[in-house]
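Open the model in your viewer and keep the sequence beside it. We will go stop by stop, selecting as we go.

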Amino acid sequence: MGRGKYKSKPTGRRQFSTPEDLLAGTSNRPRTFKQKEAEHVEEESEEASGDESGEESEEESSKKKGTQGIIEIENPNLVKPKSVKARDVDVGKTTELSRREREELEKQRAHERYMRLQEQGKTEQAKKDLERLALIRQQRAEAAKKREEEKAAKEQKKAEARK
């Protein structure tokens, strides 16, 4: 069987379990050491729980990594993770916003207020726009009136020319 260049490892002959085998529990794979060890630890913990109090199990679960287990230091800057359960959450309580979030909210509110005033025509820019619009309307009205007069004058000339 040709496996290509430098394939000395038996990678092509692996047998993987199918999901059906895993569900049925008839997998060909041997149990790993960790699984055997976990079963062994569970058996010991069941025996120990009847004999001893639960204090030692709490200490074991709070073991610290590295030098933290050896040296106990009170770090004022250390932020301890707070686990808040869903039933303990206070819905009515408002959280304090950061400076950036607060400034962003203020900016949005100011923009909304400005746009409302702009729609009502109370800002300087709105007043200038309204003046400009009024001027344009007046110019258009004058131009339309002038066109009407010129049209009427042409029609009069045509009527006079026909007579």
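Buried means under 20% relative accessible area, exposed means over 50%, and partly exposed lies in between (1.4 Å probe, protein chains only). The accessible surface of the chain comes to about 17300 Å². Carbon and sulfur atoms hold 50% of that surface. These areas come from the Shrake-Rupley method with a 1.4 Å probe; for residues, only the protein chains shown count as cover.

A word on the model: it is predicted, so local features need pLDDT of at least 70 and side-chain atom pairs count only at pLDDT 80 or more, while totals for chains, interfaces and linings use all residues. Residues are numbered from 1 along each chain as its sequence is written, and side-chain values use heavy atoms, with hydrogens and water left out.

**Colour by secondary structure.** What do you see? The chain has 5 helices and 0 strands. Read from the N terminus, the order is α-α-α-α-α. Helices (H or I, at least four residues) and strands (E, at least two) are DSSP runs, numbered from the N terminus.

**Select Ile70, Ile71 and Ile73.** They make a nonpolar surface patch of about 360 Å². Patches take residues with over 30% relative accessible area and no salt bridge; like charges are joined within 9 Å, and nonpolar side chains (Val, Leu, Ile, Met, Phe, Trp, Tyr) within 5 Å. Ile71 sits in the loop between helix 3 (55–61) and helix 4. Ile71 counts as partly exposed because its relative accessibility is 48%.

**Select residues 99–120.** This is helix 4, with 22 residues. From first C-alpha to last it reaches 32 Å, close to the 32 Å expected at 1.5 Å a residue. The expected span is 1.5 Å times one less than the number of residues. Next comes Gly121, which follows helix 4 and has a positive phi, near 80°.

**Show the side chains of Arg99 and Glu103.** They meet in a salt bridge (3.3 Å, N to O). A salt bridge is a side-chain nitrogen of Lys or Arg within 4 Å of a carboxyl oxygen of Asp or Glu. By this rule the count is 2. Both residues lie in helix 4, 4 residues apart, about one turn.

**Move to Asp129 and Arg132.** Here is another salt bridge, with the closest N and O atoms 3.1 Å apart. Why are the two about one helical turn apart? They are 3 residues apart in helix 5. An α-helix has 3.6 residues a turn, so residues three or four places apart point the same way. Asp129 is partly exposed, at 25%.

**Finish with Lys154, Lys157, Lys158 and Arg162.** They form a positive surface patch. Lys and Arg count as positive, Asp and Glu as negative; His and the chain ends are not counted. Each charge is placed at NZ of Lys, CZ of Arg, CG of Asp or CD of Glu. Arg162 lies in helix 5 (residues 124–162).
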